[in-house]
Amino acid sequence: MLAFTLRRAIQAVAVMIAVGIIAFSMFRFAGDPVNQMVSIDTSAAQRAAIRESLGLNDPVLVQFVRYFVNALQFKFGISYQFRLPVADLLKERMPATLELATCATILAMVFGILMGVYSALRRDSFLAKAFQAISLIGISLPTFLIGILLIYLFSVTLGWLPSFGRGEVVKFGWWSTGLLTISGLKALIMPSITLGLFQMTLIMRLVRAEMLEVMRTDYIRFARARGLTTRAIHFGHALKNTLVPVITVTGLQFGSVIAFAIITETVFQWPGMGLLFVQAVQNVDVPIMAAYLLMVSLIFVTINLVVDILYTIVDPRLRATISRPA
Amino acid sequence: MTEPVLSVRNLQVEFKTRRHALRAIDGVSFDITKGEVLGVVGESGAGKSVTGSAVIGLIDPPGRIAGGEIRLSGLRIDNLPPEEMRKIRGKRIGMIFQDPLTSLNPLYRIGDQIVETIRTHLSLSEQAARKRAIDLLAEVGIPAPEKRIDGYPHEFSGGMRQRVVIALAICAEPELIIADEPTTALDVSVQAQIIALIRRLGRDHGTAVMLVTHDMGVIAETCDRVAVMYSGRIAEIGPVQDVIKSPLHPYAKGLMGAIPTLTGEDHRLVQIPGAMPRLSAIPPGCPFNPRCDAAFDRCRVERPEPLARGAQAVACHLYDIKVTDNAA
């Protein structure tokens, strides 16, 4: 078990080094950073001085190692547009994105699993068929369109929910949360639905398909032959067996949720990392882009690692194969 | 004469398809008394397993019991509400399935599965149920049960898993066990052990056993009586020695003739020509008539009803005295 975790952790580090190389190379291919920082009337001598002070004349390898060592200490350089350390900018924006992504994922899991289980067990009911139809919409409609439709309905027409921003936030040290104020919660509703809808339909369809599959297995038939209650069979025996693929998909999707948050954050002007990234792209703010890339990769890699470990908790068979590696 | 543990009368099971209802079981009747092992044998698709499923109330839609009645120690169980039937399953009727590798939920410890079943049917505390589970595992021959109880199914071999399945089937001391091909998926050496175990449990607890199989060897070793099924009907039923030594029904004769013997003289095995009819194309009269050497006109129009011949009963016009008189 420990060896397995270690092995996966080493793989994760290798992935992060590869991503680091890509992030670093962005600096070299996305224009001259000195030009981004200075105004038109800066003299050539001044430019050379800046270049020297930033260490841009050093060999590439030296620069990469420096970048890497700094990145390990969460020093991602100074943003070209804000003239502030990128790490501070990200730190300020991260709570908004993480709260949004977490809410969206929880929403997607709770409703996705409930609807999936229901539509598997009551396959022929009207509601199950309605869920199937809705899930088609959820899968095929693009995120920004859903966001705009929601804004049109609930903000413009009905005026129930704010159309943009995070509402009031409460600060805990550097973490700012919108979960403790009414306006913060209200502002969270529509972005969470917009961001989570796709995952929800995905989870629902997955749970439904898996559940139907599991209900046909011999051990469910045997559980019925043992006279267990319907509830114990459905929620004890069947649901647990559908969870392994659901954990994988939800876990991997959490990374995509954060990445896709770019669109949702743009639609709702949500002050998170995604919005920061979009602004950075528009202004060729390479330090932010590179740092964002590293952050998102780190989240992806971490989630993958956690998912791998979670498997072994749910499925004892994997524990056996892992402790006896082939 | 005590009441039989299981009494099935004129059972009919239908599977509804888009166009018409297919009759998988058509007029099956038999009894099993306390401590008796009844073998049910026949080709694939003869309706052996469906009969077992009908008795325990696990016919899934589109199938349904279309007629007849099933009584468990006198109580009619074929028309019970689902919740009542659920309480009988596992408590008064235990079932053993064919494949022990897939019968157990892979994500739960076997002890948890046994305790869960015990506590569903008997009001025992967690500790008492666990103690009982250990005793059950010991009874079905699992070594070091107090250790093995915390194992997961994948940590057991096929034969050991079938023992666990049997422990699950008997955990509430049922009156009847339905064993649906319990040895088909096992090694021959393990088969004998499992058969001996089922036999012993039936004797020790006075449990009636309905043993569904297509293995005549298993039938000969285990059963007191045997029912030969063909196309959803019982062709012949009787004490196992009689049916094996002197089968009456032409199909049963063919079946017994197809068993190779180790000691027997060097004769060719009998082969029954043709195949069992599909459910959608069962011929009128006796379903066996197209394959039967002895078939005559009546077999093609009139369906034979079971006739008593000593301890055996056979559904064949050849044994109807009237007809032989008329023919003579």
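In strand E9 of chain B, B:Val228 is the bridge partner of B:Val41. The model is a predicted one, in which local features need pLDDT of at least 70 and side-chain atom pairs count only at pLDDT 80 or more, while totals for chains, interfaces and linings use all residues. Residues are numbered from 1 along each chain as its sequence is written, and chains are lettered from A and ligands numbered from 1 in the order in which they are written.

Helices (H or I, at least four residues) and strands (E, at least two) are DSSP runs, numbered from the N terminus, and two strands pair if DSSP finds at least two bridges between them. Strand E3 (residues 37-41) of chain B runs parallel to E9(B), and 4 bridges join them. With strand E10 (residues 233-239) of chain B, E9(B) pairs in the antiparallel sense over 6 bridges; here B:Tyr230 has B:Arg233 as its bridge partner in E10(B).

How enclosed is this strand? A residue is buried if 20 or more other C-beta atoms, placed from the backbone, lie within 10 Å of its own, exposed if 12 or fewer, and partly exposed in between. Because 6 of the 6 residues of E9(B) (residues 225-230) are buried, the strand is largely enclosed by the rest of the structure. In a regular strand the side chains alternate between the two faces of the sheet. In E9(B), B:Arg225, B:Ala227 and B:Met229 point one way, B:Val226, B:Val228 and B:Tyr230 point the other way, and all are buried.

Next come the backbone details. The hairpin of E9(B) and E10(B) has 2 residues between the strands, and B:Ser231 takes a positive phi near 50 degrees there. B:Ser231 is buried, with 24 other C-beta atoms within 10 Å. A:Gln269 also has a phi near 50 degrees, a positive value in a residue other than glycine. A:Gln269 lies in the loop between H10 and helix H11 (273-282) of chain A and counts as exposed, with 12 C-beta neighbours inside 10 Å. In chain B, the peptide bond from B:Pro61 to B:Pro62 is cis, with omega near 10 degrees.

Finally, the chains meet: 21 residues of chain A are in contact with 23 residues of chain B, contact being C-beta atoms, placed from the backbone, that lie within 7 Å. On the side of chain A that touches chain B, helix H9 (218-225), helix H10 (230-267) and helix H13 (316-323) each supply at least two residues. The largest share, 7 residues, comes from H9(A).

Methods. Contact = placed C-beta atoms within 7 Å.
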